[in-house]
Amino acid sequence: MPNEWVTGMTEPLLEARAATVTYGYGGAAFNAVNDANVYVQPGEAVGVVGESGSGKTTLARVLVGLQPPTKGNVLLEGKPIFGATAQRKFPRSERWKVQMVFQDPYSSLNPRQRAWEAVAEAVSAWQGLRGNQAKTEALRLLRSMGISPEQAEQFPHRLSGGQRQRVSVARALAPKPKILIADEPTSSIDQSAQAQLLNLLSQLQRESGLAILFISHDLGLVRYLTSRVYVMKRGDVVEQGDTVRVFNKPENPYTRLLINSIPGHSSLAETTLPYES
Amino acid sequence: MKSMTRVLPKLNGEAHWGVAILAIIILLGVLVPLLSPFNPIRSAGDTFITPGMPHLFGTDQLGRDVFTRTFAAAQLDITLAVLGVAFPLVIGTFMGGVLGTTRNPVVSGAWLIIIDAINAFPFLAIVIGVVAMVGSGVQGLLIALAAVNWARYAKIARARALQLRDADFIHATQVLGYSRVQVLTRHILPNVYSESLAYGLSDFVIVIIAIAGLSFLGVGVRPPEAEWGAMISDGRPFLRQAWWITVFPGLTLSLTAIGVALLAQGLTNRSRGED
């Protein structure tokens with residue numbers, strides 16, 4: 001099944017193996033994710049696209065360890081993260097390796113924490129820094145995300161959606177993760193803020209070797225940011241492969257439909273990128 | 001946390017009235033030992049003197065100055081009510097936060113039955129029941145209030161914590177691998193306590209009336225201590241001849257309750273307007 005682009009030279013960093021998530025029981029049961037095999041290599045940028053309800057977010061929750069799959073498992077550097085016991089919890093010592101940016105910037109920050117406090121808390125938890133040192137490191141991370149020290153003093157309700165998302169990214173970077181899972185991080189922020197966030201993510205991936213799993217319904221963004229892509233439909237992975245190949249020569253009719261529904265898709269099929277850094 | 005200086009200027013009309021009423025009563029309560037030459041628990045002269053000078057509110061059946069007693073009682077009643085709200089608020093909010101985030105359905109289910117059982121009883125009836133067990137007096141009163149009233153705060157805090165549990169910032173704490181204690185103290189409780197405080201303010205009215213009510217019934221503060229409920233009870237046999245023994249403490253109690261209710265209403269309106 002691995003295509004020519006990935007030749008299995010290295011062990012995947014994070015992998016969902018035959019992961020199925022079933023909601024409901026009996027006749028009402030349905031699979032939000034159905035037998036998904038999805039992996040990300042170290043330093044790789046991978047996309048997951050699909051319409052709403054296709055199981056993208058559930059897949060993200062499974063990969064980040066928020067929710068155990070009903071069947072199958074998630075492997076982090078080759079080791080299964082969910083044990084066979086009833087608890088099925090992500091081991092805490094491994095937590096830092098996989099971080100996440102959530103879809104809704106309005107609920108992903110604690111309303112009672114200043115921006116820097118949210119980041120400093122994660123810094124304290126994983127870098128062993130305390131007090132002023134943790135704050136300095138938090139401010140440095142925030143600045144690298146384009147958040148000024150003045151903005152860092154604000155509570156979330158004083159920040160824009162785009163600023164909040166960048167605070168969330170800074171918080172997610174504090175444990176120095178190996179992979180960042182971004183679940184529709186740009187879907188509720190404005191265009192210019194989207195471009196800024198995408199450029200930051202792209203830069204992180206290229207310069208610091210952070211692997212990114214970018215989940216979106218927006219094919220243009222996925223094309224800009226990722227080199228490999230999975231297409232999901234109603235819980236199934238219907239197509240996967242090199243992003244350029246999938247966009248230029250989609251094999252699955254559903255993928256073709258998705259691509260054709262992008263406004264001005266013919267220009268997107270060429271090598272120009274929608275966002276320039 | 002919002003400082004009072006930022007909150008107060010934004011208060012609306014009713015809340016200003018509430019603050020003004022409470023400020024006058026509390027100020028008189030604090031200043032009465034300086035203002036009044038009389039001792040609240042000693043006779044100050046003849047019995048049943050009608051209100052006038054120097055006995056502004058008259059004297060009672062033992063010749064004690066009713067003005068001095070009324071505001072000495074303000075100190076005691078308001079302090080007791082603050083404590084009677086604070087203990088259950090802290091205990092209940094913490095319990096509710098824990099129960100709202102626990103992943104053990106048996107433990108939380110068992111506690112929920114206890115909470116619902118306590119809340120199902122009429123408030124005063126169960127407080128009297130607990131006072132009967134732990135003994136009357138100031139201490140028994142506070143223990144009884146804490147033992148009963150925490151369940152209401154726990155119910156509110158648990159409901160709020162259950163909502164929060166599905167918020168992305170709580171999911172983020174799991175992804176970041178924070179300990180349960182850290183999630184509870186830094187993420188759940190700071191977002192739960194404001195609802196407890198809002199309820200606490202309206203609860204204050206209930207509690208201060210309960211304290212006076214229990215003392216009126218003879219299971220609260222003991223004589224000769226000046227306490228509104230006890231004073232009302234003392235004056236009741238003489239209501240026709242000496243109305244002032246009963247009416248002044250009753251009026252002050254009512255005004256205090258109204259003041260707190262106005263303040264609570266004003267704060268509620270303000271937070272509604274803001275969100």
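This is a predicted model: local features need pLDDT of at least 70, side-chain atom pairs count only at pLDDT 80 or more; totals for chains, interfaces and linings use all residues.
Strand β4 (residues 71-76) of chain A runs antiparallel to β5(A), and two bridges join them. To locate one on your screen, look for A:Leu75, whose bridge partner in β5(A) is A:Pro80.

Now let us turn to the place where the chains meet. Chain A brings 25 residues to the contact and chain B brings 18 residues. The size of an interface is often expressed as the accessible area lost when the parts come together. Between chain B and chain A that buried area is about 1,700 Å², with 52% given by carbon and sulfur atoms. On the chain B side, the residues that lose the most area to chain A are B:Asp168, B:Val175 and B:Leu176, which together account for 35% of what that side buries.

What about polar interactions here? Between chain B and chain A, 14 residue pairs are in polar contact, counting pairs with both residues at pLDDT 80 or more. The rule also finds one salt bridge across this interface. A:Glu121 forms a salt bridge with B:Arg186, with the closest N and O atoms 3.6 Å apart.

Which elements of chain B give two or more residues to the side that touches chain A? They are α7 (168-175) and α8 (180-216) of chain B. The largest share, seven residues, comes from α8(B). Sorted by class, this side of chain B has eight nonpolar, eight polar and two charged residues.

Our last stop lies within chain B. Helix α3 (residues 66-101) and helix α9 (residues 228-235) of chain B have axes that come within 9 Å and cross at roughly 145°. From α3(B), B:Val66, B:Arg69, B:Thr70, B:Ala73, B:Ala74 and B:Asp77 meet B:Trp228, B:Met231 and B:Asp234 of α9(B). The residues of this helix contact divide into five nonpolar, one polar and three charged.

Key: Residues are numbered from 1 along each chain as its sequence is written. Chains are lettered from A and ligands numbered from 1 in the order in which they are written. Side-chain values use heavy atoms; hydrogens and water are left out. Two strands pair if DSSP finds at least two bridges between them. Helices (H or I, at least four residues) and strands (E, at least two) are DSSP runs, numbered from the N terminus. Contact means heavy atoms within 4.5 Å. Buried area is the accessible area (1.4 Å probe) that two parts lose on being put together, summed over both. A salt bridge is a side-chain nitrogen of Lys or Arg within 4 Å of a carboxyl oxygen of Asp or Glu. A polar contact is a pair of N or O atoms within 3.5 Å; within protein, one must be able to donate a hydrogen and the other to accept it, and residues adjacent in sequence count only if both atoms are side-chain atoms. Ala, Val, Leu, Ile, Met, Phe, Trp, Tyr, Cys and Pro count as nonpolar, Asp, Glu, Lys and Arg as charged, and the others, Gly among them, as polar. Axes are lines fitted to C-alpha atoms, for helices over the stretch in contact, and angles run from 0 to 180 degrees between N-to-C directions.
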